[in-house]
2 protein chains.
Amino acid sequence: MGLDTNAPAKPHERLAKYLQTDMAAVDVLIRERMASAHAPRIPEVTAHLVDAGGKRVRPMLTLAAAQMCGYQGDHHHKLAATVEFIHTATLLHDDVVDESGQRRGRPTANLLWDNKSSVLVGDYLFARSFQLMTATGSLQVLDILADAAATIAEGEVLQLTAAANLDTTEDIYLKVVRGKTAALFAAATEVGGVIADASTAQVNALRAYGDALGIAFQIADDLLDYGGDTTATGKNLGDDFRERKLTLPVIKAVAKADGDERAFWKRTIEKGEQSDGDLDQALAIIARHGTMAATRDQALGWSKTAKDALDALPDHALKDMLRDLADYVVARIN
Amino acid sequence: MGLDTNAPAKPHERLAKYLQTDMAAVDVLIRERMASAHAPRIPEVTAHLVDAGGKRVRPMLTLAAAQMCGYQGDHHHKLAATVEFIHTATLLHDDVVDESGQRRGRPTANLLWDNKSSVLVGDYLFARSFQLMTATGSLQVLDILADAAATIAEGEVLQLTAAANLDTTEDIYLKVVRGKTAALFAAATEVGGVIADASTAQVNALRAYGDALGIAFQIADDLLDYGGDTTATGKNLGDDFRERKLTLPVIKAVAKADGDERAFWKRTIEKGEQSDGDLDQALAIIARHGTMAATRDQALGWSKTAKDALDALPDHALKDMLRDLADYVVARIN
């Protein structure tokens, strides 16, 4: 393509273009499987989310992994749809949990319908995802995705109990991040390799890539919440602070806090007594300890881990895109 | 045992006694698998439910089916625990959906903790249940339980949209009942047969038994809501009326309603404008059309279907208990 200046610039757009035939098949599968003859409310709710169209990074990871490892069948379509269903189900349940009103710039399902629909339609999508993965006939794939589902739920519960808790360590934060983001990324890439019957070394490399990519992405996202272009995340600056979530910039600042600062964090995060100017003060404390830079370094480290993992995989156009994707998720914070 | 007057009288108690060694193993598995090293909130929430101790009918159905078909391994323990986890997960999510404050005579998890914990711990149990069933290595079992999970969620969504809707037909009601109750009963008995490698005829008979048993049970439960010993259900007389749920006694009465009666149902169920005396009037209309008796007949018919299905199975002490169980679930309404 060398001089083709019309080539899409962003790696997920290049992935989407390269994988467009496969993704079209995945799309058909998603629309077929989210239908329900008995309960028309179900496609109403899911279509709302599916049509809002995230970037579909997770299903593309599965397709890319399978193709890179030379897969010739069509089970990877089912697995890509599975991964997207699990993701959509967790979004629906997250919206109940977060009591959020916006998702991808649209009102959330729980505002348009009600919490009940969000819970039950999420359950339906989980069940559908298990039907889809069962249809591949691979017990190894089922193992991986069932484990991922458990890790996701565990991470979300851990996040609940860690909220507003100043004792949250970086170790706990990492477990939360693995649950809310990296577990599904890692499973998405791993099952692509497994279905292609790739070597154990390659499957492990794919898993390591997805895991590190997810962690890098989430740390970058959390960093942007305290400074950065909010159009990139769709969130408002300081959302995590207001919701009293302990993320890396704050966890690192709490660890270095003097008496006054500790009292500040206790009041604003632990007790939730916040007023005008508190976010500015939080940002000032964070700046004083340089924890934004330290957090950025950590995200860059995970991005590098992701890229290094790709070394175990055969040369392929998709491999270059995955490498660029690992750069891209942290480019926003550079 | 003939003259042993100390023998427990109720069929589920006899099942529990007969299956006590197996059930002890299932109990260990449940406690092991509901633990979470990372998120102590999880066992807190689940222990609250598990210790409250329902009758554990569903896991006993799985064990009984496997034993009747001569199973010698230990995968049926995993499947019994799977079935109980799915049941517990749906209870947690139901409590969010119903905004209920009591379950099995104790405050519900969503009152003790919050809706968030109920949603996420339910998700965790679903994921754990899929791990457990995957560990059996049987794709057929995975198919059956994934289908059951989808039917359950679909039925619950259908129930949401059918609530307060006077157009709800008996056909829709039956789909709701299959979703909320019979699908898991049917899967519980069917997987017991499958894991024991029983013949297709026997597996189908086990499924038919569980399906009919679940329907008979649910119809009886719904009937008792309009008259009967409320200590048997743990609910209050008229709960379904107040919650504007369309169940069989009302669906049948609506179908026979004259103009005044239709206006009454429209006001109380569709619009939800209820005041003192309305429940009594609902009961009077129901009595006038004899829909309690018609509903009872239907429950008895399903109970008979359940018993007839058992004919395809070998003679066994457990078969007699299952037959008695089918009588017992409708004995409350006789």
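## Model and confidence

Chain A has an average pLDDT of 89, and 88% of its residues score at least 70. This is a predicted model. For the complex, the predictor reports an ipTM of 0.88 and a pTM of 0.90. Where pLDDT is low, the predicted coordinates should not be read in detail.

## Symmetry of the two chains

Two copies of a chain are related by a rotation about an axis and a shift along it.

## The interface between chains A and B

The contact joins 38 residues of chain B to 38 residues of chain A. On the chain B side, four helices each supply at least two residues: helix 3 (41–52), helix 5 (75–98), helix 7 (115–134) and helix 8. By class, the side of chain B that touches chain A has 20 nonpolar, nine polar and nine charged residues.

## Helices 8 and 9 of chain B

Helix 8 of chain B spans residues 139–162, and helix 9 of chain B spans residues 170–195. Their axes come within 7 Å and cross at roughly 165 degrees. An angle over 145 degrees counts as roughly antiparallel, so helix 8 of chain B is roughly antiparallel to helix 9 of chain B.

The crossing of helix 8 of chain B with helix 9 of chain B is left-handed. Their contact holds 15 nonpolar, five polar and six charged residues. Helix 8 of chain B also supplies at least two residues of the side that touches chain A.

## Helices 10 and 15 of chain A

In chain A, helix 10 covers residues 200–224 and helix 15 covers residues 291–309. The two axes come within 8 Å and cross at roughly 160 degrees. Helix 10 of chain A and helix 15 of chain A are therefore roughly antiparallel to each other. Helix 10 of chain A passes helix 15 of chain A with a left-handed crossing.

Helix 10 of chain A contributes residues including A:A205, A:A208, A:Y209, A:A212, A:A216 and A:L223. From helix 15 of chain A come, among them, A:M292, A:R296, A:A299, A:W302, A:A306 and A:A309. By class, the contact of helix 10 with helix 15 of chain A has 15 nonpolar residues, four polar and one charged.

Key. Residues are numbered from 1 along each chain as its sequence is written. Chains are lettered from A and ligands numbered from 1 in the order in which they are written. This is a predicted model: local features need pLDDT of at least 70, side-chain atom pairs count only at pLDDT 80 or more; totals for chains, interfaces and linings use all residues. Axes are lines fitted to C-alpha atoms, for helices over the stretch in contact, and angles run from 0 to 180 degrees between N-to-C directions. Angles under 35 degrees count as roughly parallel, over 145 as roughly antiparallel, 65 to 115 as roughly perpendicular and the rest as oblique. A crossing is left-handed if the near helix is turned anticlockwise from the far one by less than a right angle, and right-handed if clockwise. Ala, Val, Leu, Ile, Met, Phe, Trp, Tyr, Cys and Pro count as nonpolar, Asp, Glu, Lys and Arg as charged, and the others, Gly among them, as polar. Two residues are in contact if their C-beta atoms, placed from the backbone, lie within 7 Å. pLDDT is the predictor's confidence in each residue, from 0 to 100.
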